[in-house]
Amino acid sequence: MKRFISIISAILLLSSAVFAEDDYDGGDFYDDDYVYEQNGAGDQFLKIDIAANFPLNFGDKLYVGLGASVGYSYFLNKYVAVGGDAIIGWNNSLGQKPLITVPVTFGVTVQPYIGKFEFPISAGIGFATISCQNLTYFPGFSAKISAGAYFRFNETWSLGIDSIGYWLPQWFMSDSSKNDNGFFATLGLSLRYHF
């Protein structure tokens, strides 16, 4: 009797699989509406540059020097980011006296892209320190604009060229005849870490 019940149970179980309805409509189609964007709201990056630093309005009084910068940006959407950076510029004068400029700016970046190529354009304002011949001018005003072209190797790294133009005025309230403007431009290599 036990064998008979076991055989009937097995037949009923197998027959239920044979007569079951098939709701499967066929094909291995997977519908995913997600479109990958290189940058989105909340994405961030760190940037470091090493560059040549060109004095623009000093005539032959300053030589071409070196510049370096470090920056941070936070994307508000896939095209616009806010952030800040610090630039260190070094130029020698004719008398071999170093002029050291350190502008720190905060601003906005607009970054269109085509495929893996990104083209950031940014503008910012902030403060600066200017030192030359044991004299230091602080706090000074600073303003900068920059543009670059980068290739995005993967989600994390991009490499490119970047050019920065920055303005460092010196304003003296006690004697306006000493007021001056310093215009500089950098051109160099830049590495960005995206996270």
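**Figure 1. Burial and overall architecture of the protein chain.** Buried residues account for 31% of the 195 residues in the protein chain of this predicted model. The chain contains one helix and 10 strands, and their order along the sequence is α-β-β-β-β-β-β-β-β-β-β. Of the contacts between residues at least 6 apart in sequence, 56% link residues at least 24 apart. The accessible surface amounts to about 12,600 Å², and carbon and sulfur atoms contribute 67% of this area.

**Figure 2. Close-up of the largest cavity.** The structure contains one cavity of 30 Å³ or more. The volume of the largest cavity is about 230 Å³. Its lining comprises 23 residues, and those nearest the cavity centre are Ser73, Asp85, Thr109, Ser122 and Lys144. At least two lining residues are supplied by each of β1, β2 (65-75), β3 (80-92), β4 (98-110), β7 (121-132) and β8 (135-152). Strand β4 provides the largest share of this lining, with five residues. Sorted by class, the residues lining the largest cavity are eight nonpolar, 10 polar and five charged.

**Figure 3. Close-up of the largest pocket.** Two or more lining residues come from each of β4, β7, β8, β9 (157-170) and β10. The largest share of the pocket lining, four residues, belongs to β10. The lining of the largest pocket consists of 10 nonpolar, eight polar and two charged residues.

**Figure 4. Close-up of Arg192 and its surroundings.** Arg192 is located in strand β10, which spans residues 180-194. With a relative accessible area of 1%, Arg192 falls under the 20% limit and is therefore classed as buried. The side chain of Arg192 forms a polar contact of 2.4 Å with the side chain of Glu118. When neighbours within four places in sequence are set aside, the contacts of Arg192 include Phe45, Leu46 and Lys47. Further contact partners of Arg192 are Gln111, Glu118, Pro120, Tyr150, Thr156, Trp157 and Ser158.

Figure 5. Gln44 belongs to strand β1, which covers residues 44-55. Its side chain is joined to that of Tyr72 by a polar contact of 2.6 Å. Beyond residues up to four places away in sequence, Gln44 touches Tyr72, Ser73 and Tyr74, together with Tyr193, His194 and Phe195. One of these partners, Ser73, is also among the lining residues nearest the centre of the largest cavity.

Figure 6. The peptide bond from Phe138 to Pro139 is cis, and its omega is near -5°. Pro139 is part of strand β8, whereas Gly126 is part of strand β7. Gly126 and Pro139 are separated by 13 residues in sequence and by 9.8 Å in space, C-alpha to C-alpha. The relative accessibility of Gly126 is 23%, a value that lies between the limits of 20% and 50%, so the residue counts as partly exposed. Apart from neighbours within four places in sequence, Gly126 is in contact with Val104 and Thr105, as well as with Gly140, Phe141 and Ser142.

Figure 7. Gln96 is situated in the loop between β3 and β4. Although Gln96 is not a glycine, its phi is positive, at about 60°. Gln133 is situated in the loop between β7 and β8. Its phi is near 50°, likewise a positive value in a residue other than glycine.

Conventions
Residues numbered from 1 in each chain as written. Predicted model: local features only at pLDDT ≥ 70, side-chain atom pairs only at ≥ 80, totals over all residues. Heavy atoms only, no water. Polar contact = N/O pair within 3.5 Å; in protein donor to acceptor, adjacent residues only side chain to side chain. Contact = heavy atoms within 4.5 Å. Buried < 20%, exposed > 50% of the residue type's maximum accessible area, 1.4 Å probe, protein only. Areas by Shrake-Rupley, 256 points an atom, 1.4 Å probe, with all protein chains shown as cover. 1 Å grid on protein atoms, 1.4 Å probe; cavity = no way out; pocket = protein on both sides within 12 Å on 5 of 7 lines; lining within 4 Å. Points joined across faces, edges and corners; volume = space filled by probe spheres on them. Nonpolar A, V, L, I, M, F, W, Y, C, P; charged D, E, K, R; others polar.
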